[in-house]
There are 2 protein chains.
Amino acid sequence: MLSSRLLSQLGVESAAAMMEIAAIGTLPARQILFREGEAADTLFCVLSGYIRVYKLDPDGREADVELYGPGDLIGVSLVFDGGRYTATAQAAEPSTLARFDLKRVREIAGRRPDLALVLMNALSEQLASAYSNLANDRLHTAPQRVARYLLDNCAHDGKAASFRLPYQKSLLAGKLGLAPEALSRAFSMLRGHGVNVRGRFVQVEDPEALRRI
Amino acid sequence: MLSSRLLSQLGVESAAAMMEIAAIGTLPARQILFREGEAADTLFCVLSGYIRVYKLDPDGREADVELYGPGDLIGVSLVFDGGRYTATAQAAEPSTLARFDLKRVREIAGRRPDLALVLMNALSEQLASAYSNLANDRLHTAPQRVARYLLDNCAHDGKAASFRLPYQKSLLAGKLGLAPEALSRAFSMLRGHGVNVRGRFVQVEDPEALRRI
DNA sequence: CGTAAACTTGATCCAGTTCAAAGATGGTGG
DNA sequence: CCACCATCTTTGAACTGGATCAAGTTTACG
């Protein structure tokens, strides 16, 4: 089963209990999962694709707050803190995900500490990620943020590396808190530091040099 | 006892267990509690004063990530996600706080769901707060962020209100992701919209007008 | 009261947004 | 398999919000 990150950390019984209440479904690109302010009744687990979670300002501009990919849980903070969704979620591309009724999850987690633990871990990671995004925004320039993203995503010994971006550049821009144009310019400035980009394919010639930017 | 927010939500037994392992202490202003990267062994609860949690960039600039006040728990995400502190914490003014050994907290939380629940709630709130800060930074100008802060802190019917800032302006600036100069300029621009500031004392003449900024 | 720290104000500078338009990509049906 | 079209991306130019640096000014507190 695909929601491995969730289920693999659970004992068989808890995993079974969760499987029992899971509803698997697919979403076309741009489909909205929920909107900020709506009553929260579902916990999601991304199986494939990417879900963008963002906030709106009064005149409709959007700011991405987190980008969830395969294995990620969306809405964990609502399991116990109930109430309403605090942001809007939208499929960034065709995606599949598992839905769990929040009330039932609450009930199972109350009985089974291993589930509560998995949820706490997910929440902790999300908090750490939010904090680094915040600090990143405030401390680093666009090329620095992009460099850091590239380093995190070839996470290596220091040898040259290459990989495919897992999603569109405009999505990456949003995740990094940039307008697409700014991301584009950042890439072209990094070209002078051993970064080659063709479509979604990225080559990093010298990770050490990137780290020094 | 002062750590009310923590203890009041616990059953007597859990509260007693936590009291038993608590160590109360005071900190002078500017004292460091822990640094990013250090092994995490303590959970903190602020009893009085304010603790600034921030990240550093390579050349020493700081970005505040959260400001914790009376009743707040610091380090909850480490209870289960163990490991190391992911940011640095410093007393922003003379403060008192309770320290709890993380291993022991882990052990108690494993036994007592009510403690686990309190921790999850704290974590959820912190995540929601981090997300709004992130979106706020990305969507709003300095005067807008300040206006929002003022509204949140007189949270009222729409009548004129006044209150005392709970800490120095430079701290507030950091919390809002601004340089102190930018906060100062924001205040003086808000003067034209019914906001009067003298020292730490703030008057908001027309909350409705602020909301429209 | 006097001194150190906090705050304000002014001037300059720069990163990143916005708007506009050209250029690349990739998925689709013929 | 190729051509086509919508969508995404890049590039350019102008603008702007906020950072930074440098003085002054006020505040708090011993």
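# Close-up views of a predicted model with DNA

**View 1. The surface near DNA strand C has seven nonpolar, six polar and seven charged residues.** In this sorting, Ala, Val, Leu, Ile, Met, Phe, Trp, Tyr, Cys and Pro count as nonpolar, Asp, Glu, Lys and Arg as charged, and the others, including Gly, as polar. The model is predicted, so local features are given for pLDDT of at least 70 and side-chain atom pairs for pLDDT 80 or more, whereas totals for chains, interfaces and linings use all residues. Residues are numbered from 1 along each chain as its sequence is written, while chains are lettered from A and ligands numbered from 1 in the order in which they are written. Around DNA strand C there are 20 residues, of which A:Ala142, A:Ala182, B:Lys169, B:Ser170 and B:Ser184 come nearest; a residue is near a strand if its C-beta atom, placed from the backbone, lies within 6 Å of it. Helix H8 of chain A, together with helix H7 (169–175) and H8 of chain B, each supply at least two residues of this surface, and H8(B) gives the most, with six residues. Helices (H or I, at least four residues) and strands (E, at least two) are DSSP runs numbered from the N terminus.

**View 2. DNA strand D is surrounded by 18 residues, the closest being A:Lys169, A:Ser170, A:Ser184, B:Thr141 and B:Ala182.** The most comes from H8(A), which gives six residues. Sorted by class, the surface near DNA strand D holds seven nonpolar, six polar and five charged residues.

**View 3. In the contact between the two protein chains, 32 residues of chain B meet 32 residues of chain A.** Two residues are in contact if their C-beta atoms, placed from the backbone, lie within 7 Å. On the side of chain B that touches chain A, strand E5 (62–68), helix H3 (77–81) and helix H5 (113–139) of chain B are the elements that give two or more residues, and H5(B) gives the most, with 19 residues. The residues of this side of chain B divide into 16 nonpolar, nine polar and seven charged. Chain B can be laid on chain A by a turn of 180° and a shift of 0.0 Å along the axis, with an RMSD of 0.0 Å, and that is the relation of a two-fold axis. The same surface serves both copies, since 100% of the contact residues of chain B recur in chain A. For this comparison the copies are superposed by least squares on the C-alpha atoms of residues with pLDDT of at least 70 in both.

**View 4. The largest nonpolar core has 92 residues, and A:Ile51, A:Leu119, A:Leu123, B:Ile51, B:Leu119 and B:Leu123 touch the most other members.** A nonpolar core is a set of buried Ala, Val, Leu, Ile, Met, Phe, Trp, Tyr and Cys residues joined through C-beta atoms within 7 Å. A residue is buried if 20 or more other C-beta atoms lie within 10 Å of its own, exposed if 12 or fewer, and partly exposed in between, with C-beta atoms placed from the backbone. Leaving out residues up to four places away in sequence, A:Ile51 touches A:Leu33, A:Val46, A:Tyr68, A:Ile74, A:Ala89, A:Gln90, A:Ala91, A:Ala92 and A:Ser95.

**View 5. Helix H6 (residues 142–152) of chain A has A:Ala142, A:Pro143, A:Arg145, A:Val146, A:Ala147 and A:Leu150 buried.** These buried residues of H6(A) pack against helix H5 (113–139), H8, strand E10 (195–198), strand E11 (201–204) and helix H9 (207–211) of chain A. UniProt lists "domain: HTH crp-type" (unreviewed entry) at residues 140–208 of chain A; such positions are given in the numbering used here, feature names are shortened, and annotations may be inferred rather than shown by experiment. Over residues 140–208 the chain is 45% helix and 17% strand, with its end C-alpha atoms 18 Å apart.

**View 6. A:Arg30 lies in the loop between E1 and strand E2 (32–34) of chain A.** Its phi is near 75°, a positive value in a residue other than glycine, and A:Arg30 counts as exposed because 11 C-beta neighbours lie inside 10 Å.
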